[in-house]
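Hi,

Here is the structure I promised to pass on. Have a look at it first, and then read on for what turned up in it.

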Amino acid sequence: MKIAVMGHGVVGSGVVEVFYQHYENLKRKSGREMDIKYILDLRDFPESPYREKFIKDFSLIENDPEVTIVAEVMGGLHPAYDYVRACLEKGKSVVTSNKELVAAKGAELLRIAREHNVNFFFEASVGGGIPIIRPLHLCLAANEINEIAGILNGTTNFILTKMIRESMSFEDALKMAQELGYAERDPSADVEGQDACRKICILASLAFGRHVYPQEVHTEGITKITLEDVAYAGNWGGVIKLIGRARRLEDGGVSAMVSPGFIHFGSQLASVDDVFNGILVRGDATGDVVFYGKGAGKLPTASAVVADIVDAAKATGSSRSLCWEEGDGHTVCDWKETSSAFYFRLRGGCSEEALRRLFGPVKMLHRDGQPQDETAFVTGMLKEKDAAAAAEQLRASGCAVLGSIRVLDY
């Protein structure tokens with residue numbers, strides 16, 4: 001069984017390394033003789049022990065009938081989408097770590113795979129080395145999944161951990177993350193929440209059976225979180241985490257959002273620190289199940305890709321459980337109609353009585369060094385649009401809204 005690997009960056013090189021390091025074990029588990037025939041990359045790797053396998057022309061993979069499994073670890077939508085689609089249409093199974101591709105084109109590619117009796121696997125697209133895709137459609141198949149919520153991005157979790165544990169500013173924590181290789185030179189996909197958004201879209205699509213597209217999901221990052229907010233979260237009884245979440249609604253719709261949230265110390269997600277991810281799945285039979293581990297990195301992600309290669313090698317046809325329908329772009333309900341409790345931090349005189357008139361019952365918060373003109377509080381459950389309207393009234397009365405974070409129940 002011949003395999004092609006498209007991309008030889010961090011993850012791609014890890015896939016080749018893990019494949020040959022564990023070759024005998026993989027052969028035993030798959031029951032097949034396997035080998036990597038091609039490694040596609042535009043760069044040259046003259047020092048690689050696999051240098052004779054490198055090619056620059058995708059058509060060699062597409063038109064080689066010996067190649068039956070292709071690992072796409074290039075990232076991005078183009079040319080990855082065109083290459084993956086072409087491989088599936090040629091009757092080749094594809095495994096990928098590309099969350100952007102799956103979040104944007106997953107339903108279409110799964111349909112094409114079924115039409116050609118092959119597989120499109122993407123365990124590594126969410127949670128790196130954490131098994132989550134396979135458990136959702138196989139191990140938890142007897143459940144109706146009602147909600148999924150999690151810490152889905154290791155970079156932002158590392159930054160928030162530094163802010164919480166070491167009182168490090170956002171800017172300094174981001175710089176450290178970049179120096180350690182946890183954050184890209186351009187970290188916007190991580191810190192603005194786009195990476196977590198793609199991942200919750202994949203999980204929601206699989207759990208609820210209809211494609212949830214990233215553009216449907218209201219997304220906020222962590223760039224506005226301050227050390228003052230961290231201190232007030234501690235006084236409230238918790239920590240701040242970037243949470244991607246999706247919930248099945250009674251009318252069959254879906255509520256989905258990515259944003260920072262106050263998470264109580266008693267939550268299993270509150271203790272997920274540094275670059276680790278934690279994903280909570282709520283099933284009607286199992287209750288809460290939490291998946292925990294390193295959500296990124298060369299070898300953890302490569303491990304998931306290689307595991308999908310083994311599954312593809314063992315498969316006798318398309319997976320019947322790994323699927324969802326195309327969405328119409330309106331699967332997710334209007335986020336402004338959803339409800340949450342909220343934390344607010346204000347500057348300017350505003351009495352507790354005035355806050356209660358605007359927000360209903362509130363719990364006042366305190367921190368060391370709190371300025372006399374700074375007020376912080378947590379509300380009860382409010383609709384998003386009502387909380388926004390009340391905040392606007394505060395601004396109109398002369399109060400500056402310095403921070404606003406949702407209070408989540410996980």
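Let me start with a helix pair: helix H2 (residues 23–30) and helix H12 (residues 298–314) cross at roughly 35 degrees, and their axes come within 9 Å. The crossing of H2 past H12 is right-handed. If you want to click on the residues involved, H2 brings Leu-26, Lys-29 and Ser-30 to the contact, while H12 brings Val-306, Val-310, Ala-313 and Lys-314. Sorted by class, the contact of H2 with H12 has four nonpolar residues, one polar and two charged. Before you go further, keep in mind that this is a predicted model.

Helix H5 (residues 99–115) packs against helix H10 (residues 194–208) at an angle of about 50 degrees, with the two axes 9 Å apart. An angle like that makes H5 oblique to H10. This time the crossing is left-handed, as H5 passes H10. On the H5 side the contact is made by Lys-99, Glu-100, Val-102 and Ala-103, and on the H10 side by Asp-195, Arg-198, Lys-199, Cys-201 and Ile-202. The residues of this contact between H5 and H10 divide into four nonpolar and five charged, with no polar ones.

Now the aromatics. How many aromatic pairs does a search of the whole structure find? It comes back with 16. One of the pairs is Tyr-20 with Tyr-50, which is stacked, at 4.8 Å centre to centre and with 15 degrees between the planes. Tyr-20 sits in helix H1 (residues 10–21) and Tyr-50 in the loop between strand S2 (35–40) and strand S3 (54–55), so this pair ties together parts that are 30 residues apart in sequence. Are these two tyrosines buried, exposed or something in between? Tyr-20 counts as partly exposed, at 22% relative accessibility, and Tyr-50 also counts as partly exposed, at 23%.

Then there's Trp-236 with Phe-262, a tilted pair at 5.4 Å centre to centre and 50 degrees between the planes. Trp-236 belongs to helix H11 (residues 227–236) and Phe-262 to strand S10 (residues 254–264), so here the pair ties together parts that are 26 residues apart in sequence. Both Trp-236 and Phe-262 are buried. Back with the tyrosines, ring pairs link Tyr-20 and Tyr-50 with Phe-19 and Tyr-23 into a cluster.

Most residues other than glycine have a negative phi, and most peptide bonds are trans. The peptide bond from His-78 to Pro-79, though, is cis, with omega near 10 degrees. You'll find Pro-79 in the loop between strand S4 (67–72) and helix H4 (80–89).

Which residues have a positive phi although they are not glycines? Ser-167 is one of them, with a phi of about 50 degrees. Ser-167 lies in the loop between helix H7 (154–166) and helix H8 (170–179), and is exposed, with a relative accessible area of 55%. Another is Asp-274, where phi is about 55 degrees. Asp-274 lies in the loop between S10 and strand S11 (276–283) and counts as partly exposed, at 25% relative accessibility.

Over to you!

Definitions and conventions:
Residues numbered from 1 in each chain as written. Predicted model: local features only at pLDDT ≥ 70, side-chain atom pairs only at ≥ 80, totals over all residues. Heavy atoms only, no water. Axes fitted to C-alpha atoms, helices over the stretch in contact; angles between N-to-C directions. Helix = DSSP H or I, 4+ residues; strand = E, 2+ residues; numbered from the N terminus. Parallel < 35°, antiparallel > 145°, perpendicular 65-115°, else oblique. Left-handed = near helix turned anticlockwise from the far one by under 90°. Contact = heavy atoms within 4.5 Å. Nonpolar A, V, L, I, M, F, W, Y, C, P; charged D, E, K, R; others polar. Phe/Tyr/Trp six-rings, centres within 6.5 Å; stacked < 30°, edge-to-face > 60°. Buried < 20%, exposed > 50% of the residue type's maximum accessible area, 1.4 Å probe, protein only.
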